[in-house]
Amino acid sequence: MEQSVSRRGFIGAAIGTGAAAAVGTPAFARGDDERSSSGSVPRNRRGMQLWSMRRLIDEGRQTPAQLFRALGRMGYTEIEKFTTWGLTVEQFQRALRDAGLRCPSGHDGPGFPATGNWEPGYRASLEYSVAIGQKYTGLAWFSGDAAPYNSEATWHALAQHLNRAGAIAREYGLQFFYHNHDFEFVNRFNGKPAYDILLAETDPDLVKFELDLYWIVYGGESPVHYLAEDPARFPLYHVKDRTWRDRPNDQDWEDTGPGSIDFPDIFRAGDAPRVDKHFIIEHDWPLLSHPNDQDDAEYLTAEVSVDYLRNVRF
């Protein structure tokens, strides 16, 4: 079994010049099983959504390259981007390579509702995504101010927008996806969640779904229900946990593992032969779980969470 790296140890080694050697050959280069049908999370499918770690870069505590090396040393093999932090393609590629990571997916847009001539900017983002090795690209969120969540028309229009975005992404060899929050399930029409409109009115070949496991549970629906219906429609998970007790003044985000969500049951429902899955850790604000660790909160969250992916069985 892989050994967990101590907090101080991996921070120091990851920032140092010897970090790349410490990571070793990436799992995906060693021919590890790329499917999740073995009842465990393959080593080369353990990912981190960089939104979880943004404070480290935004506050100047780490450069992207230093952060990538830290994640690689901890046992992550994949990251999911939400921004490029101004890195050129070559700089992003180098940071991935030095850390022993790959970036198979990203939250790249396009925004909704679409305004003006949005396609050229979207195509430029797809060119960047292809260059750094992505396989998936998706829309993470849209504002209810510009497109009211409680209007059924919003969801029909969104479905068509996703189809168009998916068709463009396919031109670049990318698979498009949509990432949920809770409002897709809280808002209901004819007795069904708005999410069901997206599933029904998008082309299954053009539009897949990244299932955020915290937000669907928070929205009152069962991920098991959706996964059992069509596991192949959901190639990516945001593996985000929920506290056992509600926080009265904050969101109930928790490190993956210690929380209340039954991930083995969910993973089992989505497991199927020849269906590839990516298990992407996300915690929107790790300081909620580690309020007394201002310096290390994100690293503590990352280590606890990858350790869970390493050991969970389903």
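Where does Arg-274 lie? Arg-274 is in the loop between helix H12 (263–270) and strand S12 (278–281). Helices here are DSSP runs of H or I with at least four residues, strands are runs of E with at least two, and both are numbered from the N terminus.

Before going on, some housekeeping. This is a predicted model, in which local features need pLDDT of at least 70 and side-chain atom pairs count only at pLDDT 80 or more, while totals for chains, interfaces and linings use all residues. Residues are numbered from 1 along each chain as its sequence is written, and side-chain values use heavy atoms, leaving out hydrogens and water.

Back to Arg-274. It is not a glycine, yet it has a positive phi of about 60 degrees. Its relative accessibility is 73%, so it counts as exposed. The cut-offs are under 20% relative accessible area for buried, over 50% for exposed, and partly exposed in between, with a 1.4 Å probe and protein chains only.

Trp-85 also has a positive phi, about 55 degrees, although it is not a glycine. This residue sits in the loop between strand S2 (78–81) and H5. At 21% relative accessibility, Trp-85 counts as partly exposed. As background, most residues other than glycine have a negative phi, and most peptide bonds are trans.

The peptide bond from Gly-109 to Pro-110 is cis, with omega near 0 degrees. Pro-110 is in the loop between strand S3 (102–107) and helix H6 (119–131). The bond from Phe-112 to Pro-113 is cis as well, again with omega near 0 degrees, and Pro-113 lies in the loop between S3 and H6.

Is Asn-44 buried or exposed? Its relative accessible area is 0%, so Asn-44 is buried. It is placed in the loop between helix H2 (19–23) and strand S1 (46–49). Asn-44 and His-278 are 234 residues apart along the chain, and their C-alpha atoms are separated by 8.7 Å.

Now the helix pairs. The axes of helix H4 (residues 64–74) and helix H5 (residues 89–99) come within 8 Å and cross at roughly 30 degrees. H4 is therefore roughly parallel to H5. Axes are lines fitted to C-alpha atoms, for helices over the stretch in contact, and angles run from 0 to 180 degrees between N-to-C directions. Angles under 35 degrees count as roughly parallel, over 145 as roughly antiparallel, 65 to 115 as roughly perpendicular, and the rest as oblique. On the H4 side the contact (heavy atoms within 4.5 Å) is made by Ala-65, Phe-68, Arg-69 and Gly-72, and on the H5 side by Phe-92, Ala-95, Leu-96, Asp-98 and Ala-99.

The second pair is helix H7 (residues 152–171) and helix H9 (residues 194–201), whose axes come within 9 Å and cross at roughly 35 degrees. H7 contributes residues including Trp-155, Leu-158 and Leu-162, and H9 contributes Ala-194, Ile-197, Leu-198 and Glu-201.

Last, the overall numbers. The protein has 13 helices and 12 strands. Of its 314 residues, 56% count as buried. Among contacts between residues at least 6 apart in sequence, 77% join residues at least 24 apart.
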